[in-house]
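This report describes selected parts of one structure in plain terms. Please look at the sequence and the model first, then read on.

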Amino acid sequence: MSKVYAIIGPTASGKTAIISELKKYGLREIKRYTISKLNQDISSDEFHYVSEEEFNNLDFFHTFEYDNNVYGFTKKDIIKVIQQEPVSLIQIDKEGLDLLYHLLGEKVESIYIMLDPVNIVQRLLDKNIDTYTIQLKLNSAEKADDFSQWEFADHIIKNTADLDLAVKQALAIMGFMKPKI
């Protein structure tokens, strides 16, 4: 039976970094569609860039807005990946996760990447993000209830140590590694 692991959590918690490392193990991510804009600071490894017209003509399973950009997943892409891959990854918000549970049931497990606001601020400062933008990101995360999503997640990874440890925890959750006792 195929599984989709939904990676959720607040901004700067390490979701993208963890997924990037997990993909090195051959795991496939269900990519998000977004409208291509000049000078975007986003990895093309995570997204399908399309024109606004193409975006508006896609049959989306779920769309959401983040940092003044619109993103979406198509049902076709989700079904295609679960038919081809025994384990896949998706980075999604709470509303999209609820829809995934409804669509795929037991084929979905959520992994919440936990990081407290103090460490989030430090990570964003380390990326040279200004304090005004950090405040906007924190407000957005708070409004989306990102800091309490752990309450309904199937699994939790506290990502305050090194990235390698968080990746090993994710691999163990997915059954690729046995935890050392």
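Two strands count as paired if DSSP finds at least two bridges between them. Strands (E, at least two residues) and helices (H or I, at least four residues) are DSSP runs, numbered from the N terminus. The model is predicted: local features need pLDDT of at least 70, side-chain atom pairs count only at pLDDT 80 or more, and totals for chains, interfaces and linings use all residues. Residues are numbered from 1 along each chain as its sequence is written, and side-chain values use heavy atoms, with hydrogens and water left out.

**The sheet**

In β6, Tyr71 is the bridge partner of Thr34. The strands β3 and β6 run antiparallel and are joined by two bridges. They belong to an open sheet of four strands with mixed pairing, in the order β4-β3-β6-β5. β4 (47-50) and β5 (60-66) are at the edges with a single partner strand each, so one side of each has no neighbour in the sheet. From one strand to the next, the twist averages 30°; angles run from 0 to 180 degrees between N-to-C directions, and axes are lines fitted to C-alpha atoms, for helices over the stretch in contact.

The other pairings can be set side by side.

| Strands | Sense | Bridges |
|---|---|---|
| β3 and β4 | parallel | four bridges |
| β5 and β6 (residues 69-74) | antiparallel | six bridges |

Within these pairings, Arg32 has Phe47 in β4 as its bridge partner, and Phe64 stands opposite Tyr71 in β6.

β3 is covered on both faces: Arg32 and Thr34 on one side, and Tyr33 and Ile35 on the other, are all buried. Buried means under 20% relative accessible area, exposed means over 50%, and partly exposed lies in between (1.4 Å probe, protein chains only).

**Helix α3 and its neighbours**

Helix α3 packs on the sheet, where it touches β3 (32-35), β4, β5 and β6, and its direction makes about 50° with that of β6. Contact here means heavy atoms within 4.5 Å.

How do α3 and α4 pack, in angle and distance between axes? Helix α3 (residues 75-84) and helix α4 (residues 94-104) pack at about 55°, and their axes are 13 Å apart. That angle makes α3 oblique to α4, since angles under 35 degrees count as roughly parallel, over 145 as roughly antiparallel, 65 to 115 as roughly perpendicular, and the rest as oblique. In this contact, Lys75, Ile78, Ile79 and Ile82 of α3 meet Leu100, Leu103 and Leu104 of α4. By class, the contact has six nonpolar, no polar and one charged residues. Ala, Val, Leu, Ile, Met, Phe, Trp, Tyr, Cys and Pro count as nonpolar, Asp, Glu, Lys and Arg as charged, and the others, Gly among them, as polar.

**Single residues**

Lys137 is placed in helix α6 (residues 131-143). Is Lys137 buried or exposed? Lys137 has a relative accessible area of 11%, so it is buried. Leaving out residues up to four places away in sequence, Lys137 touches Thr11, Tyr66, Asp67, Leu124 and Ile129.

Ala12 is not a glycine, yet it has a positive phi of about 65°. Ala12 is in the loop between β1 (3-8) and α1 (15-23), and at 17% relative accessibility it counts as buried. Asp145, also a residue other than glycine, has a positive phi near 65°. Asp145 lies in the loop between α6 and β9 (155-158) and is partly exposed, with a relative accessible area of 43%.
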